Amino acid sequence: MRWLWFGFFYLLFAFITMYLFQTISVWPSAGVAVAALLLYGYRMAWLVFIASILVVLVYFASLQQSLWSWQVLVITLLTATGNTLGAVVGLWLCGHVSSMAQSFADLQWVLKRFLPATALCGAVAAVFGVGSYWLISLPWPHGYLNGVVNWSVSNMVGALVVAPLLMCQQLQPGWRRNLRQARLKLLALLCLSVTAFFLFGPGQIWLPPAFLQPALLLIPLLFVTLTASPCVVFLFQVMTFLLVWVGTTAGYGPFISENPTDTETAMQLFCGFLAAVILVIQALLAEQRRLRKIWATELLSSKRLLEQRVEERTRQLSEANRQLELLSVTDALTGLANRRRFDSYLAAEWQRASRLGQKVGLMMLDVDWFKNYNDQYGHLQGDECLRQIGQLLRLGARRATDLAARYGGEEFALVVPQAEISYLKQQAELMRVAFASLHIPHQGSPLGHVTVSIGIAVLTPMPQQEPELLIQLADEALYRAKHQGRNQVVLADEGQQRSPVQ
């Protein structure tokens, strides 16, 4: 269907130009040919060639000339070839266009590709068209050179005005929305119509000569360029061109002179210049919008990156603080909780157990004859011994709520919330046996290896009681275990009655 639409527009513009305006001072069909090839490639060249043949044959038929004379056939074929090659050259210079961003929104493309392509397109078509008359020795009004120039400018202006609108409508679907947007520019449309009426219409008789400036048409056109989408801009550009063309053809406007050729040339140059200026301004505005979008994206990206860095640094600081907090409550030698952590945890569990009416158990553990061990083996070996005992004690904290801590020197503690006496006794005995099974040599001990003594206490906190009471009871039980021969477990509430556990 695309070839059908472009063929229809090519013929429509050609017949309107020849029979409605009865002039070829501007050739809008050249814009249709350029748009077709830039959008859909070389496969549209045959359409331009056939449509050109039809137009030329209809033109000669209207002059009542024989369509089968060799002169008519030569002119027809060469003219169609020139129109087709001109559009092909335009495609070669501009390349295939698939988006506005790669075409009319790109200033470099407009300046270095499209504008030169329209000029070269017109020149190629003119050389073939006027050259066909020269080839068969038929005269051209005002000379062949003037014919080439006029034909070139005619095609160039047609391409500058018509091609952008057709391409924009194809590259940006939604022409109904663009028309609605055009209706919103009623003020600009009214201003354009009034200005054209006084400059290129009957109203020029009421306008002082000083105001007969065609550049006044730029005012409404620039307003639309600065405020509307590209499709609406190109639509207003075509409307401006039509108003100038119609007015000049009707004999109005500042371009009218005694020489019709001068009139046509002035109108062509003005329309071409106006179209080129609007194309450049529109491309500049598009580039500005694109740069603003890029800057906004980069700014947002920088903001997000900064937020990520701040978040990462905050996370690092939080981790550092956590590590610092962990170090502040961890014993450096054994890796167990230190005395500070032990005191705060026992106080918290004591308050919770007091509120809920639950029991709190405490196990105090001391390495037997450890001073002799240090004297015999040295402090480095003594530290290693404490590390091994700390590892076993950490394994003894079976539940998540249990806390193993180094209480001080060779003394350790294990806080067991919600403890039952039987469970605590069983765990204490297992740890005592496990410590003895390490068989760490200890010549200063009567048993020949390192052992531990354990005192345990279990209390249900009562009002006005402090956790120091539990520590005191467990410490007293530990004292009795050491006094009764060491390497044993003693309960705080029945330590006087029970026999040593060997």
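Five strands make up an open sheet, in the order β2-β3-β1-β4-β5, with mixed pairing. Strands β2 (403-408) and β5 (489-491) lie at the edges, and each pairs on one side only. From one strand to the next, the twist averages 20°. The model is predicted: local features need pLDDT of at least 70, side-chain atom pairs count only at pLDDT 80 or more, and totals for chains, interfaces and linings use all residues. Residues are numbered from 1 along each chain as its sequence is written, and side-chain values use heavy atoms, with hydrogens and water left out.

Strands and helices are DSSP runs numbered from the N terminus; a strand (E) has at least two residues, a helix (H or I) at least four. Two strands count as paired if DSSP finds at least two bridges between them. Strand β1 (residues 360-367) runs antiparallel to strand β4 (residues 452-459), and eight bridges join the two. Within this pair, Met 363 has Ile 456 of β4 as its bridge partner. Helix α16 (residues 468-483) packs on the sheet and touches β1, β2, β3 (411-417), β4 and β5. Contact here means heavy atoms within 4.5 Å. The direction of α16 makes about 145° with that of β4. Axes are lines fitted to C-alpha atoms, for helices over the stretch in contact, and angles between N-to-C directions run from 0 to 180 degrees.

Arg 406 stands opposite Phe 412 in β3. The two strands form a hairpin with two residues between them. Gly 409, in the turn, has a positive phi of about 60°. Five of the six residues of β2 are buried, so the strand is largely enclosed by the rest of the structure. Buried means under 20% relative accessible area, exposed means over 50%, and partly exposed lies in between (1.4 Å probe, protein chains only).

The largest nonpolar core holds 77 residues. Such a core is a set of buried Ala, Val, Leu, Ile, Met, Phe, Trp, Tyr and Cys residues joined through side-chain atoms within 4.5 Å. Phe 6, Phe 104 and Phe 114 touch the most other members. Helix α6 (residues 144-171) gives the largest share, twelve residues. Neighbours within four places in sequence aside, Phe 6 is in contact with residues including Val 32, Leu 39, Met 44 and Leu 166. Another core, of 27 residues, lies apart from the largest one. Leu 365, Phe 370, Ile 389 and Ala 419 are among its members.

One disulfide is counted, under the rule that a pair of cysteine sulfur atoms lies within 2.5 Å. Cys 168 and Cys 231 form it, with their sulfur atoms 2.3 Å apart. The torsion about their S-S bond is about -100°, so the disulfide is left-handed. Cys 168 lies in helix α6 and Cys 231 in helix α10 (residues 230-249), so the pair ties together parts that are 63 residues apart in sequence. Cys 168 is buried, at 0% relative accessibility. Cys 231 is also buried, with a relative accessible area of 1%.

Cys 191 is in no disulfide; its nearest cysteine sulfur, that of Cys 271, is 18 Å away. Cys 191 is partly exposed, with a relative accessible area of 30%. Cys 271 is in no disulfide either, and the nearest cysteine sulfur, that of Cys 121, is 17 Å away. Cys 271 counts as buried, at 5% relative accessibility.
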